[in-house]
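Work through the exercises below with the sequence and the model side by side. Try each task before you read its solution.

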Amino acid sequence: MSGAGAPETPFSRCIVHLDMDAFYASVEQLREPALRGRPVVVGHSGPRGVVAAASYEARKFGVRSAMPAGEAKRLCPQAIWVAADFRAYQDYSSRVFRVMDRYTPLVEPLSLDEAFMDLSASPDFRVAPGAGGRRLKAEVFEATGGLTCSVGIATCKVVAKVASDHRKPDGLVIVPPGGEAAFLAPLPLRVLPGLGPAAERRLADLDLRLVGDVAALPDAVLEARLGSQGAGLGALARGSDPRPVTVPGAPKSISRETTFERDLTDPEELRQVVRGLAQDVTHSLRARRMWARTVRLKIRWAGFETHTLQATLAVPTDVDAEFLPTADRLLGEALAARRPVRLVGIGVANLVEAGQADLFEGDRGRARALDATLDSLRDRFGSGAVTRGRPPAREQRDFRRDDVDAARRGAGADPPPGGPVPAPEAP
């Protein structure tokens, strides 16, 4: 691991992982000086809320993203809770992506605040990665008006990602070619991405707690203990990761879901929520110029039992008037059980590129025109500005790919007709 003044080994393959530091919370502290230096928690503070992000001041008390709100309040009762403002986070994310796009077209977003870059074609980065990393960090700081990021540079994705976490916040860690295994060896197993708690427990039973412990084992032993993923885990532990940096393609599905503050039993109330979620989905379809063949409904009962129902449409569509009746029908089938509902979601799959819409197709043409008008209002004033249903609390929605795609469009990629989609991240 190179540091200041250390000679740098030239890279033939140069992978960079950039990770913004406590992104949501840092944006809030940047926008509101009174929050700086104080424990800030971004998220929904209700009984079933979760932490979207925690400032480093809050993290000192053990507060972490995805933690239930109740546990966060117990650990840090003095924390200041701030409602998430995803439009602001998208704006700052777009500024970061604009910086990355100046370096390379090979950017693989992982979320609003995290991405891989392949800078193997950059002579400056390959020969002097330290200077390149410092310049990248400085440009992000300037573009965002004061947000810091941590950067890891290595020959592969797994090592670059671990390196970016190694000296947070505001860190820069370079793992030179040939030093991957030595860098990973003394670190705890949990740093390896994709290693779940169950696998970590099975390895702990073998007295394997450090990455180097796993790297030293033959693949046959790892496969005997972990099955087919054993050999892959061993390769990652040795710093071998040939995966390329991949620019995202078109999504295979789009979905929204929400968890309720209290279990719901009223069918009409649930119907209004489903309709609000469904219109986010169709809005996203239209922004992407895509139609959907399959509608899916996800429902979770009070006891955490989860069911998924789906239906195939007669023709692919992005029209609310053709989509909503199917969502209503699936919900009616699910509610035949008459049980309290904890979570509900709606989504689409089997996506195809939108065909040529006929402006003279009668009722369907008028429905498309109305949808386009509503979309323009939502783009301008927010997705809850006008809905055919009840928009659920935004803090509780689960947004999947749309947040990253919208930030990328804001970073300068060609926007699909229909404008950007105001779609926040699910941390």
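**Exercise 1.** Is Asp263 buried, partly exposed or exposed?

*Solution.* Begin with the source: this is a predicted model, in which local features need pLDDT of at least 70 and side-chain atom pairs count only at pLDDT 80 or more, while totals for chains, interfaces and linings use all residues. Residues are numbered from 1 along each chain as its sequence is written, and side-chain values use heavy atoms, with hydrogens and water left out. Next, recall the cut-offs: buried means under 20% relative accessible area, exposed means over 50%, and partly exposed lies in between, using a 1.4 Å probe and protein chains only. Asp263 has 26% relative accessibility, so Asp263 counts as partly exposed.

**Exercise 2.** Find the residue with which Asp263 forms a salt bridge, and state where the two partners lie.

*Solution.* A salt bridge requires a side-chain nitrogen of Lys or Arg within 4 Å of a carboxyl oxygen of Asp or Glu. Asp263 meets this with Arg48, the closest N and O atoms being 2.6 Å apart. Asp263 lies in strand E9 (residues 253-264) and Arg48 in the loop between strand E2 (40-43) and strand E3 (51-54), so the pair ties together parts that are 215 residues apart in sequence. Here helices (H or I, at least four residues) and strands (E, at least two) are DSSP runs, numbered from the N terminus.

**Exercise 3.** Describe the salt bridge between Lys137 and Asp170, and decide how accessible each partner is.

*Solution.* The closest N and O atoms of Lys137 and Asp170 are 2.7 Å apart. Lys137 belongs to helix H6 (residues 129-144), whereas Asp170 sits in the loop between H7 and strand E8 (172-174), and the two are 33 residues apart. Lys137 is buried, because its relative accessible area is 13%, while Asp170, at 45% relative accessibility, counts as partly exposed.

**Exercise 4.** Which residue is joined to Pro169 by a cis peptide bond, and where is Pro169 found?

*Solution.* The cis bond joins Lys168 and Pro169, with omega about -5 degrees. Pro169 is found in the loop between H7 and E8.
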